[in-house]
Amino acid sequence: MDTVTIPEKYNGEQIFAVLKNIIADIVGEEFALEMDIQADSSFARDLEMDSIEIVTLSEKIKDHFGKDIDFTGWLSGMDIDELIALKVNDVIEYIRLCQS
């Protein structure tokens, strides 16, 4: 049986790789192949993720990175313009801050 090692802290590249896989899982592999998911991709405009998909993203982030990552609480503090402008890199930085 293979042993999976989960790092205590992820660096930005590792977080991005995990988020990219989570996003592809949520939007579907075929659609994800057509998109160019980058750190500066916005969830609303570039990735065209709706609110249900963002809720799913929140659950998967918590499942992967742990309960200390309160993604939903962090989002609830944003106004609508901030939510629309939210980018993958913003989530990466939030997770990095939560790990420190």
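UniProt, in an unreviewed entry, places the feature "domain: Carrier" at residues 13-99. UniProt positions follow the numbering used here, feature names are shortened, and annotations may be inferred rather than shown by experiment.

The model is predicted: local features need pLDDT of at least 70, side-chain atom pairs count only at pLDDT 80 or more, and totals for chains, interfaces and linings use all residues. Residues are numbered from 1 along each chain as its sequence is written, and side-chain values use heavy atoms, leaving out hydrogens and water.

The protein has six helices and zero strands. Helices (H or I, at least four residues) and strands (E, at least two) are DSSP runs, numbered from the N terminus. Over residues 13-99, the chain is 69% helix and 0% strand. The end C-alpha atoms of that stretch are 14 Å apart.

Now to one helix pair. The axes of helix 1 and helix 3 come within 10 Å and cross at roughly 135°. Axes are lines fitted to C-alpha atoms, for helices over the stretch in contact, and angles run from 0 to 180 degrees between N-to-C directions. That makes helix 1 oblique to helix 3. Angles under 35 degrees count as roughly parallel, over 145 as roughly antiparallel, 65 to 115 as roughly perpendicular and the rest as oblique.

Here are the residues in contact (heavy atoms within 4.5 Å):

| Helix | Contact residues |
|---|---|
| Helix 1 (residues 12-27) | Ile15, Val18, Leu19, Ile22, Ile23, Asp25, Ile26, Val27 |
| Helix 3 (residues 51-65) | Glu53, Thr56, Leu57, Lys60, Ile61, His64, Phe65 |

The C-alpha atoms of the protein fill a box of roughly 40 × 30 × 20 Å along the principal axes.
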